[in-house]
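Dear colleague,

I am handing over the structure we spoke about, and it is shown just below.

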Amino acid sequence: LAMVSFAVLFAFGIPHDDLADRLAHATTLFLTAIAFQVVVANNQPNLDYMTLMDKYIQATNLFIFAVMIVITCISLVSLREVVEANFIPHIDESASIMSLLVWCFIHLAFLVRAILAWRSEHQANDTGNGDAAFRWEARPCAAYSTIVTQSSSGFCYHGSIDTIGIS
């Protein structure tokens with residue numbers, strides 16, 4: 001999806017007075033992103049909240065749509081002669097650079113968010129003995145009928161003893 005959203009920037013390589021080709025390129029990529037969203041949604045369980053992947057897909061779809069709006073605005077400015085004709089290529093170049101910077105920001109932000117989520121989950125799965133497959137759950141002690149370990153903060157860490165090999 002990152003490549004699809006990046007490829008929409010190639011629409012700025014099409015001459016600004018050829019709005020139909022620019023929008024055809026961007027619309028094709030937008031539909032590709034929507035198809036990807038449908039495939040991902042069919043392979044994920046139904047949840048009551050948006051996952052990080054859902055937010056990423058939504059952000060990239062919004063980015064592609066925003067680039068389509070920018071492309072249309074540049075063409076309208078050119079057609080209505082709002083500014084001098086020799087200034088339009090500078091506007092187009094500035095819009096392409098700004099769009100690239102927005103693309104980089106979106107992907108950098110989601111990369112950092114994904115790394116933080118992975119580290120958080122990795123730390124939650126770490127039992128201290130290298131067995132990252134075992135998951136401890138921290139909940140108030142009243143939530144459990146049996147307690148495996150109680151911390152000084154009042155949370156109980158509960159897990160399957162058989163999983164970690166303690167008899």
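Helix axes here are lines fitted to C-alpha atoms, for helices over the stretch in contact, and the angles between them run from 0 to 180 degrees between N-to-C directions. The helices themselves (H or I, at least four residues) are DSSP runs numbered from the N terminus. Please keep in mind that this is a predicted model, in which local features need pLDDT of at least 70 and side-chain atom pairs count only at pLDDT 80 or more, while totals for chains, interfaces and linings use all residues. Residues are numbered from 1 along each chain as its sequence is written, and side-chain values use heavy atoms, with hydrogens and water left out.

To begin with the helix pair, the axes of α2 and α3 come within 10 Å and cross at roughly 170 degrees. That makes α2 roughly antiparallel to α3, a label given to angles over 145 degrees. Contact (heavy atoms within 4.5 Å) is made by residues including L19, R22, A26 and F30 of α2 and I64, M68 and S75 of α3. The residues of this contact divide into 16 nonpolar, 5 polar and 1 charged, where Ala, Val, Leu, Ile, Met, Phe, Trp, Tyr, Cys and Pro count as nonpolar, Asp, Glu, Lys and Arg as charged, and the others, Gly among them, as polar.

Two residues of that contact can be followed further. A26, in helix α2, is buried, with a relative accessible area of 0% (buried means under 20%, exposed over 50%, partly exposed in between, with a 1.4 Å probe and protein chains only). Not counting residues up to four places away in sequence, A26 touches V8, I64 and M68.

Finally, a search of the whole structure finds 1 salt bridge (a side-chain nitrogen of Lys or Arg within 4 Å of a carboxyl oxygen of Asp or Glu). The side chains of R22 and D92 meet in it, at 2.6 Å from N to O, linking helix α2 with helix α4 across 70 residues, and both R22 and D92 are buried.

Conventions: Helices (H or I, at least four residues) and strands (E, at least two) are DSSP runs, numbered from the N terminus. Angles under 35 degrees count as roughly parallel, over 145 as roughly antiparallel, 65 to 115 as roughly perpendicular and the rest as oblique.
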